[in-house]
Amino acid sequence: MEHKKTEASAIAYPCAACKMQRRKCGNKCLLAPYFPPHDPQKFCIAHRVFGAGNIVKILRDIPVESREDAVSSMVYEARARVEDPVYGCTGAVCRLQKQVLSLQSQLANTQTELFNIKAFLFSRVTGFSSVGECGETLDPFGPILSEDVADPFGLWEPPQTG
């Protein structure tokens, strides 16, 4: 027997919320658009943390265009709370912030290593050290003032005058 949506009954199967609560799912079910029957875990986890009544209250109090985001947020927060009952979403955010800081540190180290490699190559090609007379580090790709350094292979010829 094939179940299809008809004009008389817009919902062929009860939504996950109505199915779990063993209620009849009507055309005006507030939860049906956000908790489809093929994904019962989505409602189950949100129900465990927030409760069906609170989910309905939250959805009624916000504009229709924001409800999908609100449901996504509730489900995310509920999953985080189940995984980490003490910190919930806050714990996940802190872990991600630590990961960002670690990656930023790795990026800075890699950039420093790249600069050192460029300086080494600069000194090998030009025969000059990348450390100046006063101990300052020279930018290997900065402006070059010496003609010897500007043309290390002697290929440049000055323009002929008169």
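The model is predicted, so local features need pLDDT of at least 70 and side-chain atom pairs count only at pLDDT 80 or more, while totals for chains, interfaces and linings use all residues. Residues are numbered from 1 along each chain as its sequence is written, and side-chain values use heavy atoms, leaving out hydrogens and water.

View 1. Helices (H or I, at least four residues) and strands (E, at least two) are DSSP runs, numbered from the N terminus. Starting at that end, the order of elements reads α-α-α-α-α-α. Of the 162 residues, 25% are buried; buried means under 20% relative accessible area, exposed over 50%, and partly exposed in between (1.4 Å probe, protein chains only).

**View 2. Here H2 packs against helix H4 (residues 67-83).** Two packed helices are described by the angle between their axes and the distance between the axes. For this pair the angle is about 70° and the axes are 8 Å apart. The axes are lines fitted to C-alpha atoms, for helices over the stretch in contact, and angles run from 0 to 180 degrees between N-to-C directions. H2 and H4 are therefore roughly perpendicular to each other. On the H2 side, look for Lys42, Ile45, Ala46, Arg48, Val49 and Phe50; residues on the H4 side include Val71, Met74 and Val75. A contact here means heavy atoms within 4.5 Å.

**View 3. Cys29 sits in the loop between helix H1 (16-21) and helix H2 (40-50).** Cys29 is buried, because its relative accessible area is 16%. Leaving aside residues up to four places away in sequence, Cys29 touches Cys15 and Cys18. Pro14 is 15 residues from Cys29 along the chain, and their C-alpha atoms are separated by 9.4 Å.

**View 4. What is the distance from the sulfur of Cys25 to the closest cysteine sulfur?** That closest sulfur belongs to Cys18 and lies 3.7 Å away, so the two are too far apart for a bond. A disulfide is a pair of cysteine sulfur atoms within 2.5 Å, and a search of the whole structure finds zero of them. Cys25 is buried, with a relative accessible area of 13%, whereas Cys44 is partly exposed, at 21%.

Notes:
Angles under 35 degrees count as roughly parallel, over 145 as roughly antiparallel, 65 to 115 as roughly perpendicular and the rest as oblique.
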